[in-house]
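User: I would like to go through the labels given to some contacts and see what each one rests on. Please set the values against the cut-offs.

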Amino acid sequence: MKNLKKVLAVLLMFVMVFAMAACGSDDGGDDQGQAAESDKAYVQDKGTLVVGITDYPPMDYEENGEWVGLDADLSKAFAEKLGVDIEFVVIEWDNKIMELDNKSIDMVWNGMTPTDEVKKGMEVSNPYCTNGQILVMAKDKIGQYQTEESLKELSFAVEAGSMGQGVAERLECDFTAVQTQADAVMEVAAGTSEAAIVDVLIAAALVGEGTSYEDLAYGLILNEEQDVVGFRKGSDLAAELNQFLKDIYADGTMLEVAEKYSLKDFMIEQK
């Protein structure tokens, strides 16, 4: 009988400890749930909106030590609307979802196409800008390549993890993946690759008369797409940004910023 009482006492002790641990766990879980409930509150509490970007003119690029461009300027205005400072972090494009999940950054605003991978791993905004993938080559050769079939034997440079890489893979072309789209254009200029597949917007900014690469040209459009902004999955900042974009489109601010970078005709009306 004494042994039975001892066993019952030990069991009762374990039950009580387990119950206390469970209660503690529930409280912690509630706290975590409340903390994760609002990404907007998280950003406002820490006082800084961290934006993941790459060097991508005319969307995000450095000028006199400051990040400027369509996306950079709009993200600064969004941070001001939230009442926080802004910080730009250059990321490896392939790692953008991981950077969001790790909270190394709070958003990706960098001319991003809503691919299946992006939509699966991120909360995305409404489209705000039209874009596409385009062929970049030496000016004296590009006229020879007017169809996708004619590209099969070329060697390409593309940004790792970009839509340009996706197009190269679809066409089953030989390609080298580099860090940024600007690097892809540089590879062509250096003769390391015969061609590049980059966004229409960056091609217009970097290639042709009056640019850094006057001996290059852009030609065949390989697909059409729209740009979005990405957040952590489930983030309430996506809805916040959608409303912000509607407001600044309605008051003319968005088109004013776009005109500054010769992108007014690419903007999508925010309804």
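Analyst: This is a predicted model. To start with a helix pair, the axes of α9 and helix α10 (residues 253-260) come within 5 Å and cross at roughly 80 degrees.

User: Why are α9 and α10 called roughly perpendicular?

Analyst: Angles of 65 to 115 degrees count as roughly perpendicular. The crossing angle of α9 and α10 is roughly 80 degrees, and therefore the two helices get that label.

User: Which residues of α9 and α10 meet?

Analyst: From α9 they are Leu-245, Ile-248 and Tyr-249, and from α10 Thr-253, Met-254 and Leu-255. By class, this contact has five nonpolar residues, one polar and no charged.

User: What makes α3 and α9 roughly perpendicular?

Analyst: Their axes are 11 Å apart and the packing angle is about 110 degrees. The label runs from 65 to 115 degrees, so α3 and α9 are roughly perpendicular as well. On the α3 side, Leu-74, Ala-77, Phe-78, Lys-81 and Leu-82 take part, meeting Leu-237, Glu-240, Leu-241, Phe-244 and Ile-248 of α9. By class, the contact has eight nonpolar, no polar and two charged residues.

User: How many aromatic pairs are there?

Analyst: The count is three aromatic pairs. One of them is formed by Phe-78 and Phe-244, with 5.3 Å centre to centre and 50 degrees between the planes.

User: Why is the pair of Phe-78 and Phe-244 called tilted?

Analyst: Stacked needs planes under 30 degrees apart and edge-to-face needs over 60, and the rest count as tilted. Phe-78 and Phe-244 have 50 degrees between their planes, so tilted is the label that applies. Phe-78 lies in helix α3 (residues 70-82) and Phe-244 in helix α9 (residues 237-250), so the pair ties together parts 166 residues apart in sequence.

User: How do you know that Phe-78 and Phe-244 are buried?

Analyst: Buried means under 20% relative accessible area. Phe-78 has 0% and Phe-244 has 7%, so Phe-78 counts as buried and so does Phe-244.

User: What makes the pair of Trp-109 and Tyr-128 edge-to-face?

Analyst: The planes of Trp-109 and Tyr-128 are 75 degrees apart, with 6.1 Å centre to centre. Over 60 degrees counts as edge-to-face, so the pair gets that name. Trp-109 is in strand β5 (residues 107-112) and Tyr-128 in the loop between β6 (122-124) and β7 (129-138), 19 residues apart. Both Trp-109 and Tyr-128 are buried.

User: Where does Lys-103 lie relative to Tyr-42?

Analyst: Lys-103 lies over the face of Tyr-42, 3.9 Å from the ring centre. The distance cut-off for this is within 6 Å.

Notes:
Residues are numbered from 1 along each chain as its sequence is written. This is a predicted model: local features need pLDDT of at least 70, side-chain atom pairs count only at pLDDT 80 or more; totals for chains, interfaces and linings use all residues. Side-chain values use heavy atoms; hydrogens and water are left out. Rings of Phe, Tyr and Trp (its six-membered ring) pair if their centres lie within 6.5 Å; planes under 30 degrees apart count as stacked, over 60 as edge-to-face and the rest as tilted. Helices (H or I, at least four residues) and strands (E, at least two) are DSSP runs, numbered from the N terminus. Buried means under 20% relative accessible area, exposed over 50%, partly exposed in between (1.4 Å probe, protein chains only). A charge sits over a ring if NZ of Lys or CZ of Arg is within 6 Å of the ring centre and within 35 degrees of the ring normal. Axes are lines fitted to C-alpha atoms, for helices over the stretch in contact, and angles run from 0 to 180 degrees between N-to-C directions. Angles under 35 degrees count as roughly parallel, over 145 as roughly antiparallel, 65 to 115 as roughly perpendicular and the rest as oblique. Contact means heavy atoms within 4.5 Å. Ala, Val, Leu, Ile, Met, Phe, Trp, Tyr, Cys and Pro count as nonpolar, Asp, Glu, Lys and Arg as charged, and the others, Gly among them, as polar.
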